[in-house]
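Colleague: I have this model open and would like to go through it. Can we start with how the helices pack?

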Amino acid sequence: MVSMTINDSLNQVEHTPPVHKRILDILPGISGGVARVVIGQPFDTIKTRLQVLGQGTALAATLPPSEVYRDSLDCARKMLRTEGPMSFYRGTLAPLAGNMVLLGIHFPAFLAVRKQLEGSGGSSVSGSVSGSDGSEFSVGNTLLAGAAAGAAGSLVSTPVELVRTKMQMQRRAALAGSLAKISASASVASASVSTSSAAPAELYRGSVDCFKQVLSKYGIRGLYRGFTSTLLRDMQGYSWFFLGYEATVHYFLQNAGPGVHSKADLTYLQVMAAGVVAGFGLWGSMFPIDTIKSKLQADSLAKPQYSSTKDCLTQVLRSEGQAGLWRGFSAAMARAIPVNAGIFLAVEGTRQGIKWYEENVEHVYGGVVGPVVQ
């Protein structure tokens, strides 16, 4: 039996009978996607709320002071007190399904593009050095392949994150609706307050209902609100995500002791450490663009405040300054540690489970499943 490796992809299973290879291929991606959402959703909810409703944002001025978040801890405390612990997981269904698909897009796309670059003279791109496992580690190729993977994934991540963001903003939408009713009552009484310009509250029963409502009212264009900022974010972020992972693995291999000859020989801790560095690269490089994306997707679809990515950036800089692009950054970076360690641990753990299956099950039921390829 040939041993499993992490060499090329976290979701590529090698030496598996072709009859059920496709099924086993997707299992690591599914486990990684589940780990990413289960661990990361609370952090992401806090990050998004700070980006959109944090102290100093334009929307914060429309809410009662008790509903404005000063920082990550303040946001967490207020959510627990007013909405309960399950509020951190509001809108989980969309990213849970989406991330399983995304991990099945990012890694294969990265591998395919990097292979093409290396096949057409990868070492010609600056930063190429030989790894201890005989492979080439090229900074340029890794960045380009990561950008391509991010671009491919943005086709899925845009509608997924729009639904998640809308669900994460449901309390704000409910408050906005209540305030609009109060203002309307006051305007009837005094004839001095107008609410004709207020955007209608966007309330949804769940992620599926949100998807259906947006699609029926605004079409594909509505689901892809914020696509430009998502595309730019993912190209930037996944360039550094893959560079962080590959560079860290390359470092471990270059400084390995006896018996470590390839990525398959790395320990779980080393794999997790590479994942954490990848997460820091992802969020550290793309956070300001992610803020613009969050604001665009949290914006009303009926009466949007922002007309485009550029308009959103201009308005944020004018009203909030540079600080407006970095609200929620600490939550995102804190998220990177457990989430990315968990992703890579879940994926590699699943791969080891598949390896055990091949060694202990397939050779017994080879006539049913198919012979193990030697």
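Modeller: Helix H3 (residues 93–119) and H7 pack at an angle of about 80°, with their axes 12 Å apart. Helices here are DSSP runs of H or I with at least four residues, strands are runs of E with at least two, and both are numbered from the N terminus. Axes are lines fitted to C-alpha atoms, for helices over the stretch in contact, and angles run from 0 to 180 degrees between N-to-C directions.

Colleague: What do you call the arrangement of H3 and H7 to each other?

Modeller: H3 and H7 are roughly perpendicular to each other. The cut-offs are: under 35 degrees is roughly parallel, over 145 roughly antiparallel, 65 to 115 roughly perpendicular, and the rest oblique.

Colleague: Before more numbers, what sort of model is this?

Modeller: This is a predicted model, in which local features need pLDDT of at least 70 and side-chain atom pairs count only at pLDDT 80 or more, while totals for chains, interfaces and linings use all residues. Residues are numbered from 1 along each chain as its sequence is written, and side-chain values use heavy atoms, with hydrogens and water left out.

Colleague: Fine. Which residues in H3 and H7 meet?

Modeller: On the H3 side they are His106, Phe107, Phe110 and Arg114, and on the H7 side Tyr238, Phe241, Phe242 and Glu246. Contact means heavy atoms within 4.5 Å. By class, this contact of H3 with H7 has 5 nonpolar, 1 polar and 2 charged residues. Ala, Val, Leu, Ile, Met, Phe, Trp, Tyr, Cys and Pro count as nonpolar, Asp, Glu, Lys and Arg as charged, and the others, Gly among them, as polar.

Colleague: Staying with H3, is leucine 103 buried or exposed?

Modeller: Leucine 103, which is found in H3, counts as buried because its relative accessibility is 3%. Buried means under 20% relative accessible area, exposed over 50%, and partly exposed in between, with a 1.4 Å probe and protein chains only. The C-alpha atoms of leucine 103 and isoleucine 30 are separated by 7.7 Å, although these residues are 73 apart along the chain.

Colleague: Back to H7. How do H4 and H7 cross?

Modeller: The axes of H4 and helix H7 (residues 227–254) come within 6 Å and cross at roughly 135°. That makes H4 oblique to H7. The contact of H4 with H7 divides into 13 nonpolar, 9 polar and 4 charged residues.

Colleague: And how do H4 and H6 cross?

Modeller: Helix H4 (residues 139–168) and helix H6 (residues 207–223) have axes that come within 10 Å and cross at roughly 125°. H4 is therefore oblique to H6. On the H4 side, Thr158, Pro159, Leu162, Val163, Lys166 and Met167 take part, and they meet Ser207, Cys210, Phe211, Val214, Gly222 and Leu223 in H6. That contact of H4 with H6 has 8 nonpolar, 3 polar and 1 charged residues.

Colleague: Where does threonine 165 lie, and what does threonine 165 touch?

Modeller: Threonine 165 lies in H4. Not counting residues up to four places away in sequence, threonine 165 touches Thr48, Lys293, Ser294, Gln297 and Ala298. Threonine 165 is buried, because its relative accessible area is 2%. Its C-alpha atom is 8.2 Å from that of threonine 45, 120 residues apart along the chain.

Colleague: Where is threonine 62, then?

Modeller: Threonine 62 lies in the loop between helix H1 (21–53) and helix H2 (72–82). With a relative accessible area of 43%, threonine 62 is partly exposed.

Colleague: New topic: glutamate 320. Which residues is glutamate 320 in contact with?

Modeller: Leaving aside neighbours within four places in sequence, glutamate 320 is in contact with Gly56, Thr57, Ala58, Lys295, Gln315 and Arg327. Glutamate 320 lies in helix H9 (residues 309–320) and counts as buried, at 11% relative accessibility.

Colleague: Last one, the whole protein. How many helices and strands are there?

Modeller: There are 11 helices and 2 strands. From the N terminus on, the elements run α-α-α-β-β-α-α-α-α-α-α-α-α. Buried residues make up 49% of the 374 residues. Among contacts between residues at least 6 apart in sequence, 77% join residues at least 24 apart.
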